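Biologist: Please show me the model, and let us then discuss a few of its residues.

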Amino acid sequence: MANRYWVGGTGSWSAVNLLNWSTSSGGAGGATVPTAADIAIFDANSGGGTVTLAANTTVLTFVPSAFTGTINFNSNIVSVAGNATTVYSGGTAVTMTGTPRVNLTYAGGTGTRTITAGIAVTEANAVSFNVVSGSDIVSMSGNGARLMNLTFQSAFTGSFTRASSGGLYGSLTMHSGMSFTATANTITFAATTAQTITTGGLTVDTALNFNGVGGSWAFQDAITQGSTRACTFTNGTIQLKSGVTSKVGSFATSGTTQKFLQSTLAGTQATLSQVTGIVSTGYLTIKDINATGGATFNAFTVNSNVNAGNNLGWDFFAQLGRTIFTRRKEKRVLI
């Protein structure tokens with residue numbers, strides 16, 4: 001294993017370009033191009049300009065965290081073969097263009113592969129990760145760090161966890177052959193465009209926050225959230241899978257932006273289940289949702305909620321009082 005540092009600023013990341021690789025930070029170029037046995041590092045001494053990925057490439061780990069230039073992926077992919085370490089360490093200084101994608105290809109079961117996307121990475125700079133294989137642990141790290149898409153392929157049979165609260169600007173795809181590690185950390189879905197969520201039937205035992213202005217999230221199957229976890233809806237549109245029952249720990253809305261809770265199929269209900277407690281929503285437009293499970297679902301219109309039709313189990317009208325007539329006298333009671 002060897003470190004390889006990008007130097008000299010603008011250049012082509014290809015199999016034959018030795019000029020831009022060094023054995024030390026800011027050192028002389030001419031080192032071998034990093035392979036699956038090497039760490040590819042872009043740091044503050046790499047120079048500015050644009051690094052253009054000329055073809056698919058494989059490295060041991062990928063570290064662009066301190067680079068102040070641009071990495072243009074074009075339509076190519078960086079595959080990362082490492083394990084039991086931080087396999088990707090990103091940052092906010094680097095600009096990502098093209099379609100930034102990283103494949104995690106380790107196939108064994110040793111240790112934890114950690115993805116650190118960089119704190120406060122913007123949607124424009126976010127990288128998509130595809131976990132191709134392995135039976136180890138894959139962890140998201142960095143409080144507030146965000147990826148684009150996160151996909152677990154069927155050959156991955158390990159566990160997904162979060163070392164800290166973080167999130168996605170894109171889609172999340174899991175499957176039944178893997179596991180989800182319970183944690184008190186929060187996954188924030190922050191898309192500003194249409195995305196999907198596939199749980200694969202796993203219990204998503206973590207807090208969830210949907211907060212992307214203009215974003216929408218269409219569930220491809222039922223979600224089962226941990227019974228003690230909060231599901232907070234601040235911005236955007238949530239589409240629950242039609243015809244199935246999705247279970248949440250505690251559903252709540254936040255903020256004064258109008259939000260939309262729908263079924264994935266207009267005219268066909270999706271079921272939202274919460275076992276206990278009182279759900280009191282605000283600024284929520286609800287359509288094709290059957291609320292059930294034992295909790296009380298209050299969506300009073302005085303709180304800027306909208307009944308858009310074909311809903312069951314929601315109370316849209318607060319009854320502050322009712323006049324009851326008897327033979328002897330009229331009296332007003334609160335119900």
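Modeller: Contact means that heavy atoms lie within 4.5 Å of each other. This is a predicted model, in which local features need pLDDT of at least 70 and side-chain atom pairs count only at pLDDT 80 or more, while totals for chains, interfaces and linings use all residues. Residues are numbered from 1 along each chain as its sequence is written, and side-chain values use heavy atoms, with hydrogens and water left out.

Biologist: Is Ser128 buried or exposed?

Modeller: Ser128 belongs to strand β14, residues 128-131; strands (E, at least two residues) are DSSP runs, numbered from the N terminus. Setting aside residues up to four places away in sequence, Ser128 touches Pro100, Arg101, Val102, Met148 and Asn149. Buried means under 20% relative accessible area, exposed over 50%, and partly exposed in between (1.4 Å probe, protein chains only). Because its relative accessible area is 13%, Ser128 is buried.

Biologist: Which residues does Phe62 contact, leaving aside its neighbours within four places in sequence?

Modeller: A nonpolar core is a set of buried Ala, Val, Leu, Ile, Met, Phe, Trp, Tyr and Cys residues joined through side-chain atoms within 4.5 Å. The largest such core has 70 residues, and Phe62 is one of those that touch the most other members. With those neighbours left aside, the contacts of Phe62 are Trp13, Ala40, Phe42, Ile71, Phe73, Val78, Val80, Val87, Tyr88, Ser89 and Val102.

Biologist: What is the relative accessible area of Ala84?

Modeller: Ala84 lies in the loop between β9 and β10. Its phi is positive, about 55 degrees, although Ala84 is not a glycine. Ala84 counts as partly exposed because its relative accessible area is 45%.

Notes. Helices (H or I, at least four residues) and strands (E, at least two) are DSSP runs, numbered from the N terminus.
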